[in-house]
Amino acid sequence: MRECVHCGVKLGKNVMFCPKCGKSDIVEKNVFGMVISPKQKACPHCGAMTDGKDKFCTVCGKSMDAAPAGAAVQSNIPAAPVTPIGSPAPAADAKKDEALPELDFLKSADEFSAQISSTNPALAQSAAKKEKENLLQSAPNNPMLAAPSQGPSVQAVQGGVPGGMTGPVPSAMPGTMPMSSPVGQPTHISQAEPVAMANSNVKLTPAQKALMEAEAAQKRATAQQFGMSAEAAQKADEERRAKEEASITAGQLSGEAEARAQKVMEEEKKFQEEQKQKAEFEQLKAEGERQRQEEEARIAAEQEAQRQAEEEKRKAEEEKRKAEEERRAAVEAARKAQEEAAKKAEEERKAAEEAARKAIEEEAARKAAEEAAKKAAEEAAKKAEEERKAEEARKAAEEEAAKKAAEEAAKKAEEERKAEEARKAAEEEAARKAAEEAAKKAEEERKAEEARKAAEAEAARKAAEEAAKKAEEERKAEEARKAAEAEAARKAAEEAARKAEEERKAEEARRAAEEEAARKAAEEAAKKAEEERKAEEARKAAELEAAKKEVIKAAGLALECDNPDPEKEIGLLEDATAKYKEFFKNAGIDPATIDASDDFWKIEERLGVRYFKKKMYKEAAPLLQDAASKDRGAAKIYLAEYMLRDRKAIPDVKGYLANLLNEALDDKELETCEELKNHAMYIMGRVYADGVTVDKSQDEAFNWFLKCANAGNTAGMARVGEAYLYGEGVSRDVTEALFWNEKAAEAGEEKGIRGMARAYNFGFGVKRDAIKAVEWYKKLLELEPGDRDAVYRIGYCLINPEKEFSNIPTDDMLKEGYEYAKKAADAGVRDADYLIGVYKTLPNGGKDYDGAAALFAKAAGQGCDKAKKWLERFVKNGHGGYTFK
């Protein structure tokens, strides 16, 4: 993707002309790299002078590229001088033989032609054109184009010779340039070139060969630009050459055949121009459609963003109020805390003063202590020195004594070792004897233990027998006791059973009495409940009847409302809808069972339409869907329009939206409502224009738009104007486009007002007029206050940075343009910084070149080509304190 250098609109890769401003950023450069597109050129149709960059004439509105058949193309570029046949060739300008500084590297004409052909086809084309003109002008003296000596015939040449000169001149002979063109008008190189080729005795110079190759390459590139492959382009070029050779050969034999060949070439050129213009219009149309869709999506996004911003603003105000309350509480708490802190600080100050006083006293004591410590340290150091000397003497004595003690200890250790060995031998002998004595004693103790255990076992046996006898007696006594207890328990159980039977019979009698009482109470309660139920039913019936009357009353108010205030009407419709739903809920009625002609569906339909017109799309969608399911015509129309906005909601059914709109147009209830029928036709046109659920057809879309426009639909008028402007479904006609846009704008239609603003801004069907464009853009801002493009365009028209408008801005216009440019910059419009930068270079802007350069750098960084050109100018001229590297 790239951008138009004139208006900043996004362009496709192969788009030659901007669909918005109609200009082209493709320019021709000369061999020095300088742009040579004329500032002004003449219209080939009406001859009016217009901007050299304009694609369409500002007077007649026709293309500046295609000339009418047989018409002479006017141009403000002076024609090359022509030398009459028979006169000597003009002397070459001596300066032309001098080498140009920029082309010192080219040593010969061959290198010059080869360099041009390989590096820049556009430059090659320009050089080829100049070379052809030189060849044609010097034809009488050029051996390549001179006729062989075959006894040429003589014919009189009348007109075109300077001074009315007449005389015999050579006629067209084989191998010569045909003379069908009048003297003084150069014969086209496409005629002269094949002649030179046909002459077998002529040899072309390398420069002339490069010339012919450059022209062929340029034509092949042109063919490829319109969708032809390289092979097809080459083939077409060969066919063209064959046709030219055939036409030249035929021209040598017959003047009539030459005329026919010339006509064929003109028709071929005209066909190529028509194909080129058609391709440009297709690109304009596609780009216009894309921009229109982007514009609609942008408007929808901005509206949604505005609604969210309002919601955020309301929440922010609520949060602000809460924050204010919290702030006040915090201030009060801070005040109390400050008082407490002050009180505490006073106490701490007093404590600090007391502490300081004590610290002073302690400091004095510390200094006295340090003085005493210093004296004590000196005494201690002196004493330590004396002790060190004594210690050294003591250590020397100890070392001597230790040495003697070590020798004595070694001697004593040897004696002790020998004594230890003798002691161990004695101990081992004593241990052996003690072990023998202990074994003997242990045997005696074992025998005594066995005798003791036998006595204990006998005593235990006798005790066990005694215990068994006693246990048997106790068992018999226990059995007798249990038998007595069982008898007593049996008697007690019988008594308890008798009492339980008596209690059971008494309980049964009590229960029977309670049941009888409960039955009578239940019968009384049922009777009372029945009476209450009947009373409740009567009350509910009365309430439902009253609610029904209230609903009917609310429905009547809502349906009969003719108040111009839409908010009041929406309030009545919402009230009626809520009462209907409450009535259905209380009455247990399913709304789906209600007849389509009931007032409930009429109210839902009308409320959905009002929500949609107020751009409350989320609230409108379910109401419109419900009413459309009940065959409500208006609901179907606005549901189709909603689905064009939210296409995810469209069912996957071929022709769904077209069928929905056709059903609405056939609705008998809408026969008398022209406004709704016209709106349905407008939506049908959008369905075919966008190709939603139907095959895309601009012709069908235009027919629907024209039908509703003729019936008075303002949106349809604007779309008809847009179709004529871009040639969508109808031949392009800027006059018709202006007529329909003006008609829609006068009716207050936003798209029509936008179309009129663009017409005066870019010259679509009218002369470009900044003042009128600003007037229309301001009317657009009254309908769409947040339209960023309108804000930017007003600033652009008033400042007129590219001098595109004929008016000269006044100081007031420049100041107003600056204000709008600042608004556009604040709104995020990319090129607004460029506009402000231009203003700062003017006297009104203080000629602040430093500030302007900073703004141009910012805009250039965002892709603004115009700002880049200003920066290049600053680099070259060194404006301000800026230094560019």
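Axes here are lines fitted to C-alpha atoms, for helices over the stretch in contact, and an angle between two of them runs from 0 to 180 degrees between N-to-C directions. Every view below comes from a predicted model.

**View 1. Helix α8 packs against helix α9.** Let's start with α8, which covers residues 599-613, and α9, which covers residues 617-629. Their axes lie 8 Å apart, and the packing angle is about 150 degrees. Angles over 145 degrees count as roughly antiparallel, so α8 is roughly antiparallel to α9. The crossing of α8 past α9 is left-handed.

**View 2. The residues where α8 and α9 touch.** On the α8 side, look for W601, E604, E605, L607, G608, V609, Y611 and F612. Their partners on α9 are Y617, E619, A620, L623, L624, D626 and A627. Sorted by class, this contact holds ten nonpolar, one polar and four charged residues.

**View 3. Helix α13 crosses helix α14.** Now find α13 at residues 698-710 and α14 at residues 714-726. The two axes come within 8 Å and cross at roughly 135 degrees. That angle makes α13 oblique to α14. Here α13 passes α14 in a left-handed crossing.

**View 4. The residues where α13 and α14 meet.** From α13 come F702, F705, L706, C708 and A709. From α14 come G716, M717, R719, V720, A723 and Y724. What classes of residues make up the contact of α13 with α14? Nine are nonpolar, one is polar and one is charged.

Notes:
Residues are numbered from 1 along each chain as its sequence is written. This is a predicted model: local features need pLDDT of at least 70, side-chain atom pairs count only at pLDDT 80 or more; totals for chains, interfaces and linings use all residues. Side-chain values use heavy atoms; hydrogens and water are left out. Helices (H or I, at least four residues) and strands (E, at least two) are DSSP runs, numbered from the N terminus. Angles under 35 degrees count as roughly parallel, over 145 as roughly antiparallel, 65 to 115 as roughly perpendicular and the rest as oblique. A crossing is left-handed if the near helix is turned anticlockwise from the far one by less than a right angle, and right-handed if clockwise. Contact means heavy atoms within 4.5 Å. Ala, Val, Leu, Ile, Met, Phe, Trp, Tyr, Cys and Pro count as nonpolar, Asp, Glu, Lys and Arg as charged, and the others, Gly among them, as polar.
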